[in-house]
Amino acid sequence: MKRKILITGGAGFIGSHLAEKLVDEGHSVIVLDSFITGSINNVRHLIGRDNFQIYRHDVTEPYSVEVDYIYNLACPASPIHYQRNPMKTLLTCIHGTINALDLAVKNKARLLHTSTSEIYGEPAEHSQREQSWGNVNSVGPRSCYAEGKRIAETLLVNYSKEYDVDIRIARIFNTYGPRMQVDDGRVVSNFITQALGNKPITIYGTGLQTRSFCFVSYLIEGLVGLMESDYSLPVNLGCPDERTIKEIAELIIQLVNSRSSIMYGPVPKEDPVRRKPDTSLAKKVLDWRPKINIEDGLHETIKYFQELWPAPVFCTSCYESISHIFSLS
Ligand SMILES: NC(=O)c1ccc[n+]([C@@H]2O[C@H](COP(=O)([O-])OP(=O)(O)OC[C@H]3O[C@@H](n4cnc5c(N)ncnc54)[C@H](O)[C@@H]3O)[C@@H](O)[C@H]2O)c1
């Protein structure tokens, strides 16, 4: 069945892959994005398609469109971006989510919200299961995002109870792939950029801290599967293949065939030591399991960065000239 679908934050890394899939499947897709961390380059290939529209809009301001499904992705995701303007991050999580929920009430639409593994904070248990309540410092440097995302989940659950909104909550773990931003300070993009330039790879801490990286196309399958499911409690979406940061650095050096060395720096405040999703619920309720070949995923991501190289700079002003973007009042 063809749907009218809104994606907030659809010009970002994950949102643009989601938009591409839904447009290719023939749904009518509307993207709202403020371009604070997204780029028109991510969706340029979709502009001009009959079933794709894009508007520049800050989701902290109310808006109105007629839709059946809402994917609420708008929010900076990398720590350097969400910490740059913590109040804006909080307001996006709170008012942005309230505006999406109000729209869902008005349209009787289903709303899928993208939450995060950061709601687990420094996890008390390993791997992280959905039942875990989390261990988050409410006044720490990551709290604008982690607590913002926690209150967003609470908003969803209570709108569902009080206004009967049909909700879905995806708790996304580290995701990587083409269209990650070069300057977002995340492990994969940092390491690839440094390796391509034969510059030292900077590991913060001992490198023995772990992460589990999911390739973006598998995540998108999980998000769409969750939207289509009838499961309305939080579901972890991520890859359970746990690797140390040092392992990832060495793998990227090898895949890029780089002359980079590894350099160690101070660990950022409240950087979690271990992250690994327990994905048994996603397997059970969505029959979803990501493929685990990190070499293939990294290969595709490196290819994307190589195509941008040697000037991997995103055009931030070029979207001004594109007539498909205009403010939604
Ligand atoms: N990438 C990951 O590993 C990851 C992990 C956990 C959760 N998530 C969640 O997934 C979603 C997408 O993440 P991403 O990696 O694509 O990040 P991203 O920064 O690439 O994309 C976010 C998009 O939202 C837009 N945006 C931000 N604030 C906005 C606002 N107030 N109004 C309108 N648009 C706004 C940005 O311009 C950008 O296009 C986010 O909600 C993030 O919290 C991502």
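## Loops, ligand shell and overall form

Phe35 sits in the loop that joins strand S2 (28-33) to strand S3 (52-56). In this predicted model, the phi angle of Phe35 is near 65°, which is a positive value in a residue other than glycine. Phe35 is buried, because its relative accessible area of 6% falls under the 20% limit used for that class. A positive phi also occurs at Lys108, where the angle is near 50° and the residue is again not a glycine. Lys108 belongs to the loop between helix H3 (86-107) and S5, and with a relative accessible area of 76% it is exposed.

The loop between S5 and H4 holds Ser127, and the peptide bond that leads from His126 to Ser127 is cis, with omega near -5°. Ser132 has its place in the loop between S5 and H4 as well, and at a relative accessibility of 17% it counts as buried. When residues up to four places away in sequence are not counted, Ser132 touches Tyr120, Glu125 and Arg171.

Ala74 is found in the loop that runs between strand S4 (69-72) and helix H2 (79-84). Its relative accessible area is 16%, so Ala74 is buried. Apart from neighbours within four places in sequence, the residues in contact with Ala74 are Thr8, Gly9, Val59 and Thr92. Thr202 lies 128 residues from Ala74 along the chain, and the C-alpha atoms of the two are separated by 29 Å.

The model also contains a ligand, with 31 residues around it, of which Asp33, Thr37, Tyr145, Lys149 and Arg186 come nearest.

| Residue | Protein atom | Distance to a ligand oxygen atom |
|---|---|---|
| Tyr145 | polar side-chain atom | 2.5 Å |
| Gly38 | backbone N or O atom | 3.0 Å |
| Cys75 | polar backbone atom | 3.4 Å |

Taken alone, the ligand exposes 820 Å², and the protein buries 97% of that area. Helix H1 (13-24), strand S5 (110-116) and helix H4 (143-163) each supply at least two residues of the shell around the ligand. The most is given by S5, which contributes three residues to that shell. By residue class, the shell around the ligand divides into 14 nonpolar, 13 polar and four charged residues.

For the protein as a whole, the secondary structure comes to nine helices and 13 strands. Its C-alpha atoms fill a box of roughly 55 × 45 × 35 Å, taken along the principal axes. A compact globule of 329 residues would have a radius of gyration near 20 Å, and the value for the protein, 19 Å, agrees with this. Buried residues make up 56% of the 329 residues. Among contacts with a separation of 6 or more, 82% are accounted for by residues 24 or more positions apart. The accessible surface of the protein comes to about 14,700 Å², and carbon and sulfur atoms hold 51% of it.

Note on methods
Residues are numbered from 1 along each chain as its sequence is written. This is a predicted model: local features need pLDDT of at least 70, side-chain atom pairs count only at pLDDT 80 or more; totals for chains, interfaces and linings use all residues. Side-chain values use heavy atoms; hydrogens and water are left out. Helices (H or I, at least four residues) and strands (E, at least two) are DSSP runs, numbered from the N terminus. Buried means under 20% relative accessible area, exposed over 50%, partly exposed in between (1.4 Å probe, protein chains only). Contact means heavy atoms within 4.5 Å. A residue is near a molecule or strand if one of its heavy atoms lies within 4 Å of it. A polar contact is a pair of N or O atoms within 3.5 Å; within protein, one must be able to donate a hydrogen and the other to accept it, and residues adjacent in sequence count only if both atoms are side-chain atoms. Accessible areas come from the Shrake-Rupley method with a 1.4 Å probe; for residues, only the protein chains shown count as cover. Ala, Val, Leu, Ile, Met, Phe, Trp, Tyr, Cys and Pro count as nonpolar, Asp, Glu, Lys and Arg as charged, and the others, Gly among them, as polar. The radius of gyration is taken over C-alpha atoms; the globule rule is 2.2 Å times the number of residues to the power 0.38.
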